[in-house]
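Hi,

Here is the structure I said I would send over.

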Amino acid sequence: MGRYLMYRILKGLLTLLVSVTITFFILRLMPADPVSILIDPKMGPEVQQAMMKRFGLDKPIWEQYIIFLKGLIKGDLGLSFKNQRPVMEVIMEKLPWTLLLLFIVNIMLLIIGVPIGVLAAIKRGQLIDKVINISVVIGISIFVPFLAFSFLYIFAYYLKLLPTGGAYTPPPGDGLAYYMDVAKHAILPSLTLLFANIASVVLYTRNSMIDILKEDYIRTAYAKGLKNNYIIQIHALKNAMIPTVTVIGLMIGSMVGGAVMTETIFSWPGIGRLIYDSVAAMDYPVLQGAFLILAISVILMNIITDLIIAWLDPRIKIGG
Amino acid sequence: MKLKSKRLSFVITILMILALLVTACGSQQTQTTDEGENNQGQTTGPKIGGNLVVGITGDPYSIAPWVSNDLNSAMIANLILPPLMVTDENGKKIPYIIKDYKMSDDAKEYTIVIHDGINWHDGVPFTAEDIAFTAEYTVKHKLGFGADMFANVEKTEVIDKTTVKFYLKKPQVNFLSQVGFWINIMPKHIFEKVEDPMNFNYDGTGYGPFKLKEYKKGEYYIFERVPNWPLANNGLGAYLETVTFRVFPDHNALLLAMKNGEVHVSGSAMPVASQKQLEASPDKFGVLKVMSLGYGYFGFNYKNELLRDKNVRKAIAMTIDRDAIVNTALQGGAVKMETPISPVYKDLVKSNIKFPPFDLEGAKKVLEDAGYKLNSEGIREKNGKKLEFELIYRTTTINADSIVNIFKANAEKVGIKINLKPVDNATYTDRVVKQRNFDINFIEWGVIDDPDSSLATIYKSDTALNFMGYKNEKIDEILEKVQSEPDYQKRVEMMNEFQKEFIEELPTVNVYVKINAYGYSKEFEGWSLTPGLFGPIAAKDLVKVYKK
């Protein structure tokens, strides 16, 4: 177990190095630079040069890369071009909001998506299965911004039940009022992300459930006279969950990226929104930091998923 | 496992209860605000009170305007550090924090007198020392606009608490109207100890009608009124108790929040579609409109041999259908610009010197006479060189696609082929600003202020923003001279000369001036605005707003 974990972490670190390197160079391959974007009739070339120097952009690119790596090892992601604040600080301010959103969405995926998948599998071929299948296919193909705007229109504008954006109403309140306010603001963005992602969970659960229900040991369980629910929950579901867990684990990584659109539409102050704003300002350091977080979350989720699967399926022997 | 499923259903029940609670709270809140409105609706006329929420699209880079140069930072800074000079209804600069000023006849000495009785929010008096300090400090630390605008200062002399004198190296008639409009004065007592302003955590101490109460970067900024601020409402100070800025990612989100009553006024200029939505409920919303200080134009790159031919530029200018662009492409959200200088500046366009009018037949004739003949593909050519150009434009400019397509369709009617090249901001900056690698460019200037004295920054042959690479000795001479002519009337005449030369040369064809529109809620009254940077959120205008 220890050796396996060590191996996975080393592999993860290597992946991380490759990904930050690619990010670093891709950002700098963009035409123009953060200073020329700020060009303005009011600002002379001397001031622009001073800005380039301040940003460290006057140095050759490989030197910038070395400086960046050195900083990275020390946990220093540099200063944001936009507002001169440490990138780490900027990201840490936004990260909890994204994590909160992802936490809510994943919990809902499990408690809503899995039972629906199971239901579809049990009622395979019946009307309810068909309805679930069709809804899920619609869900998978729906354009996320369209969905988000529809929710906004219905719940925020038409019914006036929920706020249109942000994570809370400024100024933030205290105690319970604040949490309720945040919960209210979180409903629409989480619903959007839930709809966009629930299809995979339902379909994977359904398909693996169908496969498992054909297995000999399930027939044996029925033959023993066990109750239907007991068989489904104890014998079948645990095994059927393996592909579902894998999918959710892999999805979390892409969900952070996919949150760019949802967070932007709902003015949710998370990492996705930060990426959107920073691209517009060509804020390299913040983008590097945000992509680093994305890479870390994907790698971490992969490791965690492997561990959970090993726990679910004793046949997979870690480090074996 | 049974137990687990019970736990699951327990979680679901809790969630459902939570959801119910949330909706219940929501409806309760709307009820209380309704009652609040009814109670306050009985009293009329301006009085102190009210919490205004301003929606802006885009996050202010910083609350220290000296280290950032984005419009949103400047907007929030304008409440705590209002400018020395503001614009009047014709876009001309007039004193605000300044009581009076005098420029010497040679435009090399400025004596500035500020209003008495203004204090920094921490109680320290706001004096001439602060202005002198700002001039020196921004140059020393190369801070944003200040570094360039104060670069011409030779010596600063503080005469007394409210009087400061600037001695300039060379004559500059727009010194104060530039500096006073663009630079926020720095608190000397705070910054004199600061060695590294870029990494200094400025707390927002200002001298304006509002002071910064609290903020969370990228989310909200709350300001509260400064009681008895001397320059507002006869020494009463602003009416509004607090002003809260909320940051939205785009116009749609902002519009929805306004219609939902979460935001009372838009601090960012709204697109036409948003305006129309608000105008559809005139009992609840109003829209304030004012001409922008910038304009949209097509520019010609003189590196292109064919575009260097005056006849080609003239023919293209004659194919531009301003009516179609303003009414169709911009949906009426702009006014035609037929003069080289924007119609905002009334004095400067009285002369009525206009670009060649829209005339396709005339354009054909100009090209025909100059020897450009139609070939088999329907494109004109001369000596084997085809009139085929690439038109580069930014996709982020609102309605740009419609504008360039109208341009293209008309140009092709007279036999000039136009290839559209839509690009993102960064590529545009790279191609047009840095490399100057383009044929024709379309762009909207944000702000071109003081055109009677500052057009040198875009049309003089040696400046960075002359993307066209255009050089005309007469224009260079006028633009140089006008900067040291102290008499406004004489400057107006000189700029008429400039405009005459400009419509002959046509380095750019200016097409329209955007109308900036700002929606507001009728729960608040007292709105006003002048052509400027911040619409109704300019400190001078916002202090007059009150809750109905």
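H5(A) passes H12(A) in a right-handed crossing (a crossing is right-handed if the near helix is turned clockwise from the far one by less than a right angle, and left-handed if anticlockwise). Helix H5 covers residues 87-122 of chain A and helix H12 residues 284-312 of chain A, and they pack at about 50° with their axes 9 Å apart. Helices here are DSSP runs (H or I, at least four residues), numbered from the N terminus, and axes are lines fitted to C-alpha atoms over the stretch in contact, with angles from 0 to 180 degrees between N-to-C directions. H5(A) and H12(A) are therefore oblique to each other (under 35 degrees is roughly parallel, over 145 roughly antiparallel, 65 to 115 roughly perpendicular, and the rest oblique).

On the H5(A) side, the contact (heavy atoms within 4.5 Å) uses Val87(A), Ile91(A) and Leu95(A), and H12(A) brings Pro285(A), Val286(A), Gly289(A), Ala290(A) and Ile293(A). By class that is seven nonpolar residues, one polar and no charged (Ala, Val, Leu, Ile, Met, Phe, Trp, Tyr, Cys and Pro count as nonpolar, Asp, Glu, Lys and Arg as charged, the others, Gly among them, as polar).

A word on the source: this is a predicted model, where local features need pLDDT of at least 70 and side-chain atom pairs pLDDT 80 or more, while totals for chains, interfaces and linings use all residues. Residues are numbered from 1 along each chain as written, chains are lettered from A and ligands numbered from 1 in the order written, and side-chain values use heavy atoms, without hydrogens and water.

Next pair: helix H1 (residues 2-29) and helix H4 (residues 61-73), both of chain A, pack at about 140° with axes 11 Å apart. That makes H1(A) oblique to H4(A), and the crossing is right-handed. Their contact includes Phe24(A), Phe25(A) and Arg28(A) of H1(A) and Tyr65(A), Phe68(A) and Leu72(A) of H4(A). The classes are nine nonpolar, two polar and one charged.

Which residues lie nearest its centre? They are Lys82(A), Val90(A), Lys94(A), Leu274(A) and Asp59(B), out of 18 lining residues. H5 and helix H11 (271-281) of chain A each give two or more residues to this lining, and H11(A) has the largest share, four. The lining has four nonpolar, five polar and nine charged residues.

Cheers

Key:
On a 1 Å grid over the protein atoms alone, a cavity is a set of points where a 1.4 Å probe fits but cannot get out, and a pocket is an open set with protein on both sides within 12 Å along at least five of seven lines; lining residues have an atom within 4 Å of a point.
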